[in-house]
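Here is a short note to read with the model open beside you. Take the points in order and find each residue as you go.

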Amino acid sequence: MSISPMLITLTFLLAGNVYSQDKESQLAQYKAEVLKQAASYPVKINDRNMLRNGYIKGNTHVLEIQVIDRVGTEISEEERAKIDKQLNDTLGSLYCKTGTNESISRTLGLNIEYKYYDKALTPFHSVLFSQENCDNSLAKPANQRTEQEVRVAMQIRELEQVGKGTVTVCREKIYNGSINLLYTNEIEKRAVIFATDEYVVNTISISLNKTQIAEFSALITDAEAKAMKVPNLENVNLGDYLTRTGTVKLFGQKGKLKGFFAAVPGVDNVILSIDAKKISHCLSQIEPFL
């Protein structure tokens, strides 16, 4: 069972409408927005889930989600655990991260509870976000991710649910071009390194599967370390990596790592600086989805 990131917009759009400076007025505005938003329910989330109601109960903002095609006994413990993980790794992480729209309810002293109902409107599961859970050590690893990392994960999950396409994970602008890191599921699930010159005349895409991500990250990390050790050399070969769609020849230049990107087949090519740490970090955000 998948949770659509459309739920983020439906749930937290109201957070952006809370403008008052003092907490009491903010809370009043928040509650008014919850009531206003509830007038538009039920709202279809995807083919299997519906957001049927939303309201404030005590110090908890409750959202009722109905699974419209099954009864609770048909929903396994594994599926329920997946719901917990998806919500806690995305919305839950942003709820705990101060400064995000999703954290406004927490700063106002409100919990968020997702109550799940089956097609017969029988409750079968619940997920709660609270300050106590944020303080719990078990929640900290997910909460240590940046807001951008969490949102990338949500975008990839949304794409996987609705169809085929790409998600831009990172954009690395370089003085003579750029390196973009993408997730794609158009043919197969892949990470794509898209390198181009500043005029977007030469474009090279290098497609990587899960194993290749690990190989490529290790290669550029090692090559960068070697390049830094020889700052006086103008040109030192540091290896290459070949895929079905492109190749990268690595070399050191005055202590910096450079890559000669070339299309396979084709004549497009470009030389760009490579920041191994940044590229490896971007690829690591894609790897769990392959």
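Predicted model: local features only at pLDDT ≥ 70, side-chain atom pairs only at ≥ 80, totals over all residues.

1. Start with Arg157. Look for Arg157 in helix α7, which covers residues 147–162. Is Arg157 buried or exposed? Arg157 is buried, and it has no salt bridge. The nearest side chain of opposite charge belongs to Asp89, 4.6 Å away.

2. Now go to Lys256. Lys256 belongs to strand β12, residues 256–263. Why is Lys256 called exposed? Its relative accessible area is 55%, and exposed means over 50%, so Lys256 qualifies.

3. Lys256 still has contacts. Not counting residues up to four places away in sequence, Lys256 touches Ala227 and Phe251. Lys256 and Ala276 are 20 residues apart along the chain, and their C-alpha atoms are separated by 11 Å.

4. Turn to the rings. How many aromatic pairs does the structure hold? There are five. One of them joins Tyr95 and Phe129. Their ring centres are 5.7 Å apart, with 40° between the planes, and the pair is tilted. This pair links distant parts of the chain. Tyr95 is in helix α3 (residues 77–96), Phe129 is in strand β5 (residues 123–129), and 34 residues separate them. Both Tyr95 and Phe129 are buried.

5. Compare the pair of Phe216 and Tyr241. This pair is edge-to-face, at 5.6 Å centre to centre and 75° between the planes. It also links distant parts of the chain: Phe216 sits in helix α8 (residues 210–228) and Tyr241 in strand β10 (residues 236–242), 25 residues apart. Are Phe216 and Tyr241 buried or exposed? Both are buried.

6. Finish with a charge and a ring. Where does the charged end of Arg52 sit? It lies over the ring of Tyr117, 5.7 Å from the ring's centre.

Technical notes
Residues numbered from 1 in each chain as written. Heavy atoms only, no water. Helix = DSSP H or I, 4+ residues; strand = E, 2+ residues; numbered from the N terminus. Buried < 20%, exposed > 50% of the residue type's maximum accessible area, 1.4 Å probe, protein only. Lys, Arg positive; Asp, Glu negative; His and termini not counted. Salt bridge = Lys/Arg side-chain N within 4 Å of Asp/Glu carboxyl O. Contact = heavy atoms within 4.5 Å. Phe/Tyr/Trp six-rings, centres within 6.5 Å; stacked < 30°, edge-to-face > 60°. Lys NZ or Arg CZ within 6 Å of the ring centre and 35° of its normal.
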